[in-house]
Amino acid sequence: MPMRYFRHQWRRGRVGNATSALHDFHKLKGNFISNSVPLPSINPFSSFRLGFQLASLHSNSSSNGDRPRSKFQKVTNLDDALKLFDEMIQRRPLPSVVQFNQLLNAVTKMKHFSCCLHLFKQMRVIGVPVDEYSMSIAIKCCCQLYRTNDGFALLGCCFRRAVVPNVFIFSTLLDGLVLEDRILEAERLFKKLIKQRLCEPDVVMYSTVIKGLCKFGNNVMAIALLRLMDERGCKPNVVSYNTIIDSLCKDKMIDDAFKIFKEMVFDKGILPNVITYNSIICGLCNFCRWEEVSKMLKEMEDEGISPDFQTFNILVDAFCKEGKVDEAEAVIDIMVERGEVPDIVTYSTLIDGYCLRGEMSKARTVFDSLTSRGLVPDVITYSSLLNGYCKNLNIEEAMLMFHEITKNGLKPDIVTFSTMLQGLFRVGRCGAACRLFDEMRAQGQVPDECTYRIILDGLCNNHQVEEALSVFHLVGGSKLNSDIMVYTILIDGACKCGMLDTARNLFHDLTVKGLQPNVWTYSVMISGLCGEGLLTEAKQLFQKMDECGCPPNNVTFRVLLQGYLKNQNYDDVEMLLQQMDGRGYSLDATTLSLLIDQVAAGALDRSMLKLMGRLVPKDLMDTPV
DNA sequence: CTAGGGTTAG
């Protein structure tokens, strides 16, 4: 699933992603960005870099609890497995079902699910008796292939074959439902299992349902189930807790995550593991809570838990997003020192970090070094670099990159195309963009809502609002047209081209469609009204926001303020500033300079300067206005 | 003897 549009993907892989969409909008609308998180001036990681080096003195011994393995479990490549299978079915008498199960399991571990299903089918044809074990493996394969319904069909076979489905089989099916986002069905099945006493749920089954609830964003219910299982005598373990901790972190509820973490450790005496720490560290990184990240790393070390490959990748990513590529490089060095091998993701992240800083030649150097490291760039790596070139307006180099993908036997995916489209629009090459769009569809890539937004936004920004509207109407009633972002883009485009009536109609349309305007939609509409001098209407809309449960944010206030100032309407300015102060909002450079101009011109009273001063963020103080 | 659940990422 392409998830690369957004740098901050709090709810990765979950149902709904409103937050990421907002972030995307941030990216699309550079003109609105002004509340970036200030970087700490001191290096927050200096303390634990030392920590890593100390930790690296510990030997990196792997656990050695390996029992002797049968030859069926030892098979590590598919060809060997298939050969062995053929040999097994020739034998008379046939090998036991246990041996077949071991082989099936080995194939599943290699993630060759459809192959495993094929073997399973053959077993049944030949008449190897299948049991609970083979059934659960086969069902797992169905589920992993997003064919949970086929899994249920196999469950039917269980009954016919007098195989009694057990807690393993039902857990697998529940997991399949969760994987396909069929949470309600999962809940229903779970309740049925308990009510009809079809099996006694154990810790794995409870954890699976907890995962489902978390995936649906229902942390409260997930925690309730955690309590319930405990009450029913099924002790939650570290996995049950990790599931919830991770979910809370993804939902920005880090402090709740800490609460559950402490409960796990201090009340239940369950030891956290590296996964627990990775979840929390990742959550903290997403919020730039560096000191706590540092603390957690220290704590890990004290507990004798080594950071693993994923811990390092999280840190590399965090540093890159903060623009601290040198630190990211340092983490990679430590990683190597400790015997972990950075993979293509690690380096792609690094490339992205350099691109973000506009250091394209360094990004390129990393890219070019991949082959010598024995790594093969994939589509995503190419797209990262391509994205960098686009963002830094080097469209020629981006195009070269784009062609390089096909030359190397890879297929540009929907994200690659969308990135390239965005780049072309950004430099005003609409014709080329439209041709690329045709090529994309010719290659069988179906544009998604993000591609669609890029195209509409691109057209609008190049003064082709009519064109954008006709694309919009062409797509008609599809789900693409039930997207609040799309409406916001069009409303913005229409406003900027002086088509206020069109903008108003669109704004009206979306309420008719039952779509809820968000704070951006309101801001864009208010900005448009102000641009036409319709201050009363703008003010009315602004006041409606609180009533509609969509309170104005920083941007809305600035937009309205600018509207007042540019239209020489000074009556409400002080009131707005006071409201901003009350809500803890701040002024950006543009609005501030407009205000100061008016004070200088005598249109605004000097007494307001004090209020303005309070609204200026610290980092703006340093730069002269 | 053999089967089910939790982490990161471009």
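Author: The model is predicted. Let us begin with the second largest pocket, whose volume is about 850 Å³.

Reader: What makes residues such as Ser136 and Lys140 part of the lining of the second largest pocket?

Author: A lining residue has an atom within 4 Å of a grid point of the pocket. The second largest pocket has 31 such residues, and Ser136, Lys140, Phe168, Thr172 and Val204 lie nearest its centre. Helix 5 (97-109), helix 7 (132-144), helix 9 (167-179), helix 11 and helix 13 each contribute at least two residues to this lining. By class, the lining comprises 9 nonpolar, 15 polar and 7 charged residues.

Reader: How many cavities does a search of the whole structure find, and what size must they have?

Author: The search returns 2 cavities of 30 Å³ or more. The second largest cavity has a volume of about 40 Å³, and it is called a cavity because a 1.4 Å probe fits there but cannot get out. Its lining consists of Val178, Ile183, Ala186, Glu187, Val209, Gly212 and Leu213.

Reader: Which residues come nearest to DNA strand B, and how many residues are around it?

Author: There are 50 residues around DNA strand B, and Asn101, Asp202, Asn242, Lys250 and Asn273 come nearest. The surface near DNA strand B has 16 nonpolar, 22 polar and 12 charged residues, and helix 13 (residues 238-250) gives the most to it, with 7 residues.

Reader: What makes the approach of lysine 140 to a phosphate oxygen of DNA strand B a polar contact?

Author: A polar contact is a pair of N or O atoms within 3.5 Å. An N or O atom in the side chain of lysine 140 is 3.0 Å from a phosphate oxygen of DNA strand B, and the pair therefore meets the criterion. The bases are approached as well: a polar side-chain atom of asparagine 166 lies 2.6 Å from a base nitrogen, and one of serine 171 lies 2.8 Å from a base nitrogen.

Reader: Why is cysteine 288 called partly exposed?

Author: The relative accessible area of cysteine 288 is 23%. Buried means under 20% and exposed means over 50%, so this value falls in between. Cysteine 288 lies in the loop between helix 15 (274-286) and helix 16 (290-303), and has a positive phi of about 55° although it is not a glycine.

Reader: How do you know that the peptide bond from arginine 92 to proline 93 is cis?

Author: Its omega is near -5°, and the bond is cis. Proline 93 is located in the loop between helix 4 (78-90) and helix 5.

Terms used
Residues are numbered from 1 along each chain as its sequence is written. Chains are lettered from A and ligands numbered from 1 in the order in which they are written. This is a predicted model: local features need pLDDT of at least 70, side-chain atom pairs count only at pLDDT 80 or more; totals for chains, interfaces and linings use all residues. Side-chain values use heavy atoms; hydrogens and water are left out. A residue is near a molecule or strand if one of its heavy atoms lies within 4 Å of it. A polar contact is a pair of N or O atoms within 3.5 Å; within protein, one must be able to donate a hydrogen and the other to accept it, and residues adjacent in sequence count only if both atoms are side-chain atoms. Helices (H or I, at least four residues) and strands (E, at least two) are DSSP runs, numbered from the N terminus. Ala, Val, Leu, Ile, Met, Phe, Trp, Tyr, Cys and Pro count as nonpolar, Asp, Glu, Lys and Arg as charged, and the others, Gly among them, as polar. On a 1 Å grid over the protein atoms alone, a cavity is a set of points where a 1.4 Å probe fits but cannot get out, and a pocket is an open set with protein on both sides within 12 Å along at least five of seven lines; lining residues have an atom within 4 Å of a point. Grid points are joined across faces, edges and corners, and a volume is the space filled by probe spheres set on the points. Buried means under 20% relative accessible area, exposed over 50%, partly exposed in between (1.4 Å probe, protein chains only).
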